[in-house]
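Subject: Structure for you to look at

Hello,

Here is the structure I said I would pass on. Please open it first, then read the notes below it.

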Amino acid sequence: MDMFEQIGSLAKRRGYFYPGSEIYGGLAGTWDYGPLGVELKRNIKEQFWKSIVRSHENVVGLDAAIMMNPKVWEASGHLEAFSDPLVECKTCHHRFRADQLQGDACPDCKGILTEPKQFNLMVEAFLGVIEGEKQKVYLRGEITQGVHVNFKQVLNSTRVKIPFGIAQIGKAFRNEITPGGLTYRSREFEQMELQFYVSPKDDEADRWMEYWKGQRKEWYVSLGMKKENLRFREHDSNERAHYARRAFDIEFLIPGSEEWKEMEGIHHRGEWDLSRHAKFSKEDLTYFDEEKKERYIPWVIETSGGVDRAALFFLMNAYEEEKIKEGETRIVLKLHPKLAPYKVAIFPLLANKPELVEKAQSIHDMLKKSWMVAFDSRGNIGKRYRTQDEAGTPFCVTVDFETLENDTVTVRDRDTMNQERIEMQKLEEYLRKKLE
Ligand code: ATP
């Protein structure tokens, strides 16, 4: 079973994501999230914010502009060093990332490859109203720099003290040489990051690095990622990005394969960002520690995850094909309830019985105040269960003739497929216990 194929087809069938601008033949490296995908991503981002910002008194949030003064990218080193090695096949002219190829022949036609040359990944845009005088800007290649250029503003406008962090979620753009693997490598994607400022001492930096490594791995596990499918991998010195002193990836094992893929990076960025911005902007970006009477440029420990990669890997992690009985299998997404797009689906047993439909509608109205709730009255109940299983909906509630007699409903659990009869009055409380 090829996981990328399975998820790609399920994503399209159920509305998780589609290739970008598909009716015009698409645009390589872009994806559009459908009704279920947008909910999944919102839930991931909300859980990130909860665990990083709301659960830490010393972390605040920020939302910086995507387009920034181009000097930012000069200072950050992106214009000079944010590149991948590009090779081209001399026969078919297909282009590849040299560090992702094994051997020196072209995978498509076995032709000879050119020597690698560095290809810059920044996406350019042009601003201004006078043709010929437009200013070249860049769509940010990482969301990180929006935080560092606001370091002083945050210090001056809040009560934070080192050690403290600034979290941000937002879009980033890279002119990737070989986008692919569904949303895994796109040209437009979303990142969720924490930039955590510490005093410039090795033991402090190491301590916080370990703390955030633990926090981030635990976050994935708490939302249902199987522990055995996660690992840390440390970058060796020739693999590290230009800003990093030490770097670890959290990697995910693609189910059904032996392939580990990067999901998030945890980096010790040292004083790189603040010292470069101080030099290029001529602003004083030092920090003064009132208690110790020390002035210094803080070091940065960063956690940088991809929202799209997390969404893709949560889907893969949740995907199961289960044999129910001889000749019948079901596809089910065992997504953590906090991530599932719809928490509950409500079914009137028969669509042509107004009493059942009305009752089901009233339950829908009651529950929609708390959660995303689906409503389905088409086809037979078995088919409706299969649809919700594929969508990852944890619970289905059926309104039947017994409901009209005694105000009870059946609640069916996605994972166990067990059904329980619950009093309508207690339904919300019952679901709340299971969902929150
Ligand atoms: P890769 O080696 O896969 O190109 P990277 O090491 O350059 O990734 P970082 O710059 O550390 O990635 O970015 C942090 C995170 O942002 C990654 O772990 C990933 O989750 C996400 N990310 C980076 N590039 C992309 C992309 N092109 N598409 C989707 N997500 C991405």
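How many helices and strands does the protein have? There are 13 helices and 23 strands. Please keep in mind that this is a predicted model.

Overall layout

The C-alpha atoms fill a box of roughly 75 × 65 × 50 Å along the principal axes. Of the 436 residues in the protein, 35% are buried. Among contacts with a separation of 6 or more, 62% join residues 24 or more positions apart. The domain assignment gives domain 1 (3–68 + 128–316) and domain 2 (342–435). Taken over C-alpha atoms, the centres of domain 1 and domain 2 are separated by 38 Å.

In soluble globular proteins, nonpolar side chains tend to be buried together. The largest nonpolar core here has 76 residues, and Leu315, Val344 and Val397 have the most contacts inside it. Helix α9 (residues 307–318) gives the most to this core, nine residues.

Leaving aside neighbours within four places in sequence, Val344 is in contact with Leu367, Trp371, Val373, Thr393, Phe395, Val397 and Leu431. There is also a second, separate core of five residues, which includes Val72, Trp73, Tyr138 and Val149.

Strand β12 (residues 246–253) pairs with β13 in the antiparallel sense, over eight bridges.

Around the ligand

Which strand supplies the largest share of the shell around the ligand? That is β13, with four residues. β10 (188–198), β13 (260–270), β16 (299–306) and α9 each supply at least two residues of the shell. Of the 16 residues around the ligand, those that come nearest are Phe189, Gly265, Ser304, Gly306 and Arg309. By type, the shell divides into eight charged, six polar and two nonpolar residues.

Two elements turn up in more than one place above.

Regards

Terms used: Residues numbered from 1 in each chain as written. Predicted model: local features only at pLDDT ≥ 70, side-chain atom pairs only at ≥ 80, totals over all residues. Core = buried A, V, L, I, M, F, W, Y, C linked by C-beta atoms within 7 Å. Buried ≥ 20, exposed ≤ 12 C-beta atoms within 10 Å, placed from the backbone. Contact = placed C-beta atoms within 7 Å. Near = placed C-beta within 6 Å. Nonpolar A, V, L, I, M, F, W, Y, C, P; charged D, E, K, R; others polar. Domains from an automatic or database assignment. Pairing = 2+ DSSP bridges.
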